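Subject: Structure for your review

Dear colleague,

Please find below the structure that I am handing over to you.

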Amino acid sequence: MGAAAVDDGPTGVKAPDGGWSWVVLCGCFVITGFSYAFPKAVSVFFKELIREFGVGYSDTAWISSILLAMLYGTGPLCSVLVNRFGCRPVMMVGGLFASLGMILASFATSIIQIYLTTGVITGLGLALNFQPSLIMLNRYFDQKRPLANGLSAAGSPVFLCCLSPLGQVLQYNFGWRGGFLILGGMLLNCCACGALMRPLEPPKKPVDQEEPSSKVVEKMKPKKKLLDFTVFKDRGFLIYTIAASIMVLGLFVPPVFVVSYAKDLGYQDTKAAFLLSILGFIDIFARPTCGIIAGLKWVRPRCVYLFAFAMVFNGMTDLVGSMSVDYTHLVIFCIFFGISYGMVGALQFEVLMAIVGTEKFPSAIGLVLLMEAMAVLVGPPSAGKILDATHRYMFVFMVAGCEVTLSALVLAFGNFFCIKKKPEEPMKEVAASPAESEQLKKPDEEEKRPESITVDSIEVEQFLKEDTEKNGEVNTNPETCV
């Protein structure tokens, strides 16, 4: 019950921005690391799975695809569960699912069983941890939220740099079954992180004074929707969702193909794989740094434009990197791509939090992730088809760069032309004439009034009907006189 209360957004609760908030941030760091790095790190076991079950590489690649699809596509389900039960119980159950999937996968006898255990069950468990962790981060941080988002997002590259070598060591010493079993045990840490997400409580007030009024407010308060679709009425949310969906089409393509790009240029496997290490190392420092910049007083109100700049930076990096002809060019590309990729990762959820606010964020993040799931499933396969048709990586990187750049233009121009303008008021305001304003004044009132008073015509008409006229003048009430 207590956890569900915090998700309703109690009016008396203020984000601490310190104290236990840093413990929550550590939990979010671990959850983000597992959620984003695990689908990539599990790929180190693919060769053993191919040998064990006699399947092709494309068959094993579906494991990572299903993991990502569950992570993104179950967003609305996570929103419903969080609004119904609260963040802490959902995260702890998610940790059990994530661990159970890997433990069951260690006993699998076919690739289909791997799909169902590692892909579906573990993917669902990671999703049930990832989205509530973002919601709790939004609850606990306000002034320092950009920095918190940057530090939390840094968990992805840090865990990727750790889990991939760890997976190779586990495979070498224990085989893929032992490695899956140990990784399943490690995923139980998600339960511990979920236990850290204790709900915020409103400040305590005197029972004699506040108890009756609080009961009245509780009765009058409408029942909270499990999934709030009214966020689609927000133009800012619509623009963000469209831009994010376009961005995801090309954002994940370069990290997938850069190693193959280097191999195509004739470089050794180890040297080509080192490019991802460079990208991840730069990404680790780019995300917190961008969070610090986004938290500056003169930058935070314009954070959406900083996010658009990060996307333009990323898209232009792809376009320039498509012309790489040797290893040095690819190293430079990975450095700049790591910076821009880290900026996007640090800002994407911060901007969404700023657009929809704390109350609607649980539903908004679920719907956004669902839209991005469709783009994630389309992006890399379509890039593979382009590569099969042209046999040139240049076109793959160029298409990815154009998609990310287009998303930045949609976000920036949509925000500037559609959000900055204030909508017209449904009720037109009329200025009272000098005679009417003089009539509304008391004859003996010496207090100075504004020369022109703006009032609602309907209120004036109702005022004139209800009050009686005396000696040709309206009998006014000082408390209602504007």
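Predicted model: local features only at pLDDT ≥ 70, side-chain atom pairs only at ≥ 80, totals over all residues.

Residues are numbered from 1 along each chain as its sequence is written, and side-chain values use heavy atoms, with hydrogens and water left out.

The whole chain

The chain has 19 helices and four strands; helices (H or I, at least four residues) and strands (E, at least two) are DSSP runs, numbered from the N terminus. Of its 482 residues, 46% count as buried, where buried means under 20% relative accessible area, exposed over 50% and partly exposed in between (1.4 Å probe, protein chains only). Among contacts (heavy atoms within 4.5 Å) with a separation of 6 or more, 85% are between residues 24 or more positions apart.

Helices H5 and H6

Two packed helices are described by the angle between their axes and the distance between the axes. Helix H5 (residues 75-85) packs against helix H6 (residues 87-105) at an angle of about 130°, and their axes are 7 Å apart. Axes here are lines fitted to C-alpha atoms, for helices over the stretch in contact, and angles run from 0 to 180 degrees between N-to-C directions. H5 is therefore oblique to H6, since angles under 35 degrees count as roughly parallel, over 145 as roughly antiparallel, 65 to 115 as roughly perpendicular and the rest as oblique. H5 contributes Leu81, Val82 and Phe85 to the contact, and H6 contributes Cys87, Pro89 and Val90. These residues divide into six nonpolar, no polar and no charged; Ala, Val, Leu, Ile, Met, Phe, Trp, Tyr, Cys and Pro count as nonpolar, Asp, Glu, Lys and Arg as charged, and the others, Gly among them, as polar.

Two buried glycines

Gly194 is in helix H10 (residues 189-195) and is buried, with a relative accessible area of 0%. Leaving aside neighbours within four places in sequence, Gly194 touches Arg88, Met91 and Met92. Gly194 and Met92 are 102 residues apart along the chain, yet their C-alpha atoms are separated by 5.2 Å.

Gly366 belongs to helix H16 (residues 327-390) and also counts as buried, at 0% relative accessibility. Not counting residues up to four places away in sequence, Gly366 is in contact with Gly75, Pro76, Ser79 and Gln131.

A buried arginine

Arg287 lies in helix H14 (residues 269-294). Its relative accessible area is 5%, so Arg287 is buried. A polar atom of the Arg287 side chain lies 3.0 Å from the backbone oxygen of Ala153. Outside four places in sequence, the residues that Arg287 touches include Ala153, Ser156, Pro157 and Tyr341.

Cysteines

A disulfide is a covalent bond between the sulfur atoms of two cysteines. With a disulfide taken as a pair of cysteine sulfur atoms within 2.5 Å, the count comes to zero. Cys191 is buried at 13% relative accessibility, and its sulfur is 7.0 Å from the closest cysteine sulfur, in Cys190, too far for a bond. Cys290 is buried at 4%; the closest cysteine sulfur, in Cys303, is 7.4 Å from that of Cys290, again too far for a bond.

With kind regards

Notes: Polar contact = N/O pair within 3.5 Å; in protein donor to acceptor, adjacent residues only side chain to side chain.
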